[in-house]
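Good morning, and thank you for coming.

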Amino acid sequence: VLDALGKDIPFAIESMEGGLKDNAIPRDAKAVILLESEDAGKDLCGNLQALEQKLRKEFQSSDPNITISCEKKQQGKSLVLHGSTASKILFFLRMMPNGIQHMSMDIEGLVETSLNAGIMELTPESLKIISSVRSSVSTRKEELGDKLEYLAEFLGGETEMSGGYPAWEYRADSEIREGISAVYEELFGEKPIFEAIHAGLECGILSGKIADLDCVSFGPNNYDIHTPKERLSISSTERIWRLLVEFLKR
């Protein structure tokens with residue numbers, strides 16, 4: 001949005017922020033920008049409304065109600081980012097990898113490697129952006145981390161890696177999966193559906209420390225995870241409890 005706006009109306013950036021969790025796609029972000037007095041009469045909000053319509057058309061299937069809000073505040077003076085610094089920041093935001101990077105070559109429709117910018121915070125000292133990088137293939141995850149590092153260092157920034165989840169790669173043969181499947185079928189009268197998902201799980205940490213560990217992950221139905229609407233199915237929780245207890249008995 002800022003990059004497109006700057007092509008028509010020159011501005012300076014006072015503040016930027018967005019996101020609440022490093023492992024969740026941000027619901028919103030905002031920036032405070034300043035215009036020179038001679039540009040104050042330009043239709044800033046009109047430009048943004050036109051851009052909103054373009055974005056709604058682009059994202060009509062996934063985010064049909066995407067919104068750009070514009071609020072004019074009082075006149076005055078404020079500390080802003082130096083022009084070259086602002087250019088570097090906008091360059092980084094436009095060029096940084098974000099979203100799906102690779103699909104699985106083994107399982108149709110499964111995302112293999114992705115990342116999302118989760119938190120953005122601008123202080124007088126620095127701009128900090130936290131991205132959550134995930135992949136079921138460890139070398140892909142390392143490659144993606146390298147891309148972020150190269151881009152940040154090219155612009156004079158720094159990167160720090162922390163809290164990584166080891167990749168948990170799919171095993172075609174799994175005794176524990178077959179055992180749970182048999183118990184599930186006996187308890188509920190139908191075959192379970194096993195799926196590979198794109199998420200960081202504790203199984204990745206455990207299998208990264210214990211050689212040849214055979215493991216599965218299962219749990220109750222959760223809806224709208226990592227949002228304020230997140231909720232848990234009580235009836236599904238009861239079924240999972242029965243499955244776990246019966247499986248451990250055997």
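I begin with a definition: Ala, Val, Leu, Ile, Met, Phe, Trp, Tyr, Cys and Pro count as nonpolar, Asp, Glu, Lys and Arg as charged, and the others, including Gly, as polar. Please also keep in mind that this model is predicted.

Let us turn to the second largest pocket. Its volume is about 150 Å³. The lining has 13 residues, and F11, G83, A86, S87 and L90 are the closest to the centre of the pocket. Which elements give two or more residues to this lining? They are α1 (2-6), β1 (12-18) and α3 (83-95). With four residues, α3 gives the most. Sorted by class, the lining of this pocket comprises seven nonpolar, four polar and two charged residues.

Over the whole structure, a search finds one cavity of 30 Å³ or more. The largest cavity holds about 30 Å³ of space. Its lining is made up of Q101, H102, T113, R140, E143, L144 and K147. Here β3 (99-103) and α4 (138-154) are the elements that give two or more residues. The largest share, four residues, comes from α4. By class, one residue of this lining is nonpolar, three are polar and three are charged.

I now come to the cysteines. In general terms, a disulfide is a covalent bond between the sulfur atoms of two cysteines. How many disulfides are counted in this model? The count is one. The disulfide joins C45 to C70, with a distance of 2.0 Å from S to S. The two partners lie 25 residues apart and link distant parts of the chain: C45 belongs to helix α2 (residues 44-58), whereas C70 is in the loop between α2 and α3. The torsion about the S-S bond of C45 and C70 is about -65 degrees, and therefore the disulfide is left-handed.

Are these two cysteines buried or exposed? C45 counts as buried because its relative accessibility is 17%, while C70, with a relative accessible area of 28%, is partly exposed.

Finally, consider C203 and C215. C203 is buried, with a relative accessible area of 10%. C215 also counts as buried, at 15% relative accessibility.

Methods: Residues numbered from 1 in each chain as written. Predicted model: local features only at pLDDT ≥ 70, side-chain atom pairs only at ≥ 80, totals over all residues. Heavy atoms only, no water. 1 Å grid on protein atoms, 1.4 Å probe; cavity = no way out; pocket = protein on both sides within 12 Å on 5 of 7 lines; lining within 4 Å. Points joined across faces, edges and corners; volume = space filled by probe spheres on them. Disulfide = S-S within 2.5 Å. Buried < 20%, exposed > 50% of the residue type's maximum accessible area, 1.4 Å probe, protein only.
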